[in-house]
Amino acid sequence: MKVAVMGYGTIGSGVVEVLEVNKDLITSRVGKSVEVKYILDLRDFPGDPYEDKVVHDYKTIVEDEEVEIVVEAMGGVEPAYTFVKAMLLAGKHVTTSNKNLVAAKGAELIALAQEKNLNFMFEASVGGGIPIIRALNKCLTADRIDEITGILNGTTNYMLTRMANEGVSFDSVLKDAQAKGYAEADPTADVEGFDPCRKIAILSSLVCGKQVNYEEIYTEGITKITEADFAYAKKMDSSIKLLASSKRVGESFCGMVAPFMLSKEHPLCGVNDVFNAVFVRGNMLGDAMFYGSGAGKLPTASAVVADVVDMAKHTHVNVPTIWSSEEIELVDYKESSNRFFVRTTSDKAAIEAVFGGVATDDAHGVMEGSCRIVEYIEGVVPGEIGFTTSSMTEAEFENAVAKIELVGRIRLA
């Protein structure tokens, strides 16, 4: 079976490596050999073992009927979308690791594949080597998924882990992440949360079966997180993680990407460095968590090749993915409820004039009256007071916190 790989960067070269190193295993699982015939790239690769397979025109692949499966590993929406659509129209199965393409064009490409009795798969587009998409599509189809919350960006998780463990600044740890190759020269997509936003949009679309517009998901990055925030977190026996979350609200969902302070008991608190994890709550399953290498050449390539194997075993069968182009209207994040950690230079009298006093639990565990303060955290930063709140809507919190001298705030999970 002949395969073409579009893009010979980190992921594309990893796909070729996995197909070569594990060729006997893959052959045994597919029932026939799987061989790379073409590698599409703008560059030449003199001295590379596969330099004779490099082509520069995607139409070479389109027009070769021998190629049955195409791997897209170029990144970005264009020209990836144009190339992938051409491959499907030419009767070729396609797998991609490209979350930007899937988030923007996933429903359309899935529909086109179904029309042509082909497959468009994208396991590696979320969570690298973690098999979360196949789990949602196959293993959890008996459940109504009520929540997906994950650490979906290895770069920011590495940065936050170092800030927590070593007390280093954001700027310092960003430079280190760039030097190690974890962060791009332009790290905006990672540190501003755009990357996990697209990933949670993909997972949400699979759960609800409709198009989730990632531009409607409230997204907040980690650029405002400081060493002082981690000092407070340490005193609270907690840590700070960038979470991407989608929670069912009635017939819709509310999505959010933002830093959260997690207690040591939270299942995602111990996910460190470049690892990713996805927490899933189903109405029958209860809670489950998927953990593993969320990025990197070979973990991501492994997920891509798993799609190749799946498509090679279903060459004349469409493996259904329910994701229509109908766009679902998300619930406004301001209507969602969270608990908050707040840093302020206001005194307690000013704080309690807005949030009430320190509440105590009644016999039913409900916060009493208008008292919305759970506890004060003092003695961390001179001239500041930290405090945590009970659960309130985002709109209620924004209205209240505007009345005090705010230094910073982080949601609690």
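**Close-up views of a predicted model**

**View 1. Five side chains form a charged network.** Glu123, Arg134, Lys138, Asp307 and Asp310 are linked in a network of salt bridges (a side-chain nitrogen of Lys or Arg within 4 Å of a carboxyl oxygen of Asp or Glu). The structure is a predicted model, in which local features need pLDDT of at least 70 and side-chain atom pairs count only at pLDDT 80 or more, while totals for chains, interfaces and linings use all residues. Residues are numbered from 1 along each chain as its sequence is written, and side-chain values use heavy atoms, with hydrogens and water left out. By the rule for salt bridges, the count comes to 28.

**View 2. Lys85 and Glu108 form a salt bridge.** Their closest N and O atoms are 3.7 Å apart. The pair links distant parts of the chain, since Lys85 belongs to helix H4 (residues 80-89) and Glu108 to helix H5, 23 residues apart. Helices (H or I, at least four residues) and strands (E, at least two) are DSSP runs, numbered from the N terminus. Lys85 has a relative accessible area of 30% and is partly exposed. Glu108, at 34%, is partly exposed as well. Here buried means under 20% relative accessible area, exposed over 50%, and partly exposed in between (1.4 Å probe, protein chains only).

**View 3. Arg343 and Asp229 meet in a salt bridge.** The distance from N to O is 2.9 Å. In helix H11 (residues 227-235), the buried residues are Ala228, Asp229, Phe230, Tyr232 and Ala233. After H11 comes Asp237, which has a positive phi, near 55°.

**View 4. Arg411 and Glu394 meet in a salt bridge.** The side chains are 2.7 Å apart, N to O. Distant parts of the chain are linked by this pair: Arg411 is in strand S17 (residues 406-412) and Glu394 is in helix H14 (residues 394-401), 17 residues apart. Arg411 counts as buried at 1% relative accessibility. Glu394 is also buried, with a relative accessible area of 1%.

**View 5. The largest pocket has a volume of about 1,000 Å³.** On a 1 Å grid over the protein atoms alone, a pocket is an open set of points with protein on both sides within 12 Å along at least five of seven lines, whereas a cavity is a set where a 1.4 Å probe fits but cannot get out; lining residues have an atom within 4 Å of a point. Grid points are joined across faces, edges and corners, and a volume is the space filled by probe spheres set on the points. The largest pocket has 38 lining residues, and those nearest its centre are Ile11, Lys99, Glu184, Asp195 and Ala295. Two or more residues each come from helix H1 (10-21), helix H5 (99-115), helix H7 (154-166), helix H9 (188-191), helix H10 (194-208) and helix H12 (297-312). H10 gives the largest share, four residues. The lining is made up of twelve nonpolar, 18 polar and eight charged residues. Ala, Val, Leu, Ile, Met, Phe, Trp, Tyr, Cys and Pro count as nonpolar, Asp, Glu, Lys and Arg as charged, and the others, Gly among them, as polar.

**View 6. The second largest pocket holds about 420 Å³ of space.** It is lined by 22 residues, of which Glu147, Ser245, Lys247, Phe260 and Asn338 are the closest to its centre. At least two lining residues each are supplied by strand S7 (145-151), strand S9 (238-249), strand S10 (252-263), strand S11 (275-282) and strand S13 (337-344). Ten of the residues in this lining are nonpolar, seven are polar and five are charged.

**View 7. The largest cavity holds about 60 Å³ of space.** A search of the whole structure finds one cavity of 30 Å³ or more. The lining of the largest cavity consists of Ile110, Ala113, Gln114, Asn119, Phe120, Met121, Asn318, Val319, Pro320 and Thr321. H5 and strand S6 (120-121) each give at least two residues to this lining, and H5 gives the most, with three. Six of the lining residues are nonpolar, four are polar and none is charged.

**View 8. Ala183 sits in a loop between two helices.** The loop runs between helix H8 (170-179) and H9. Ala183 is buried, with a relative accessible area of 8%. From Ala183 to Leu330 there are 147 residues in sequence and 31 Å in space, C-alpha to C-alpha.
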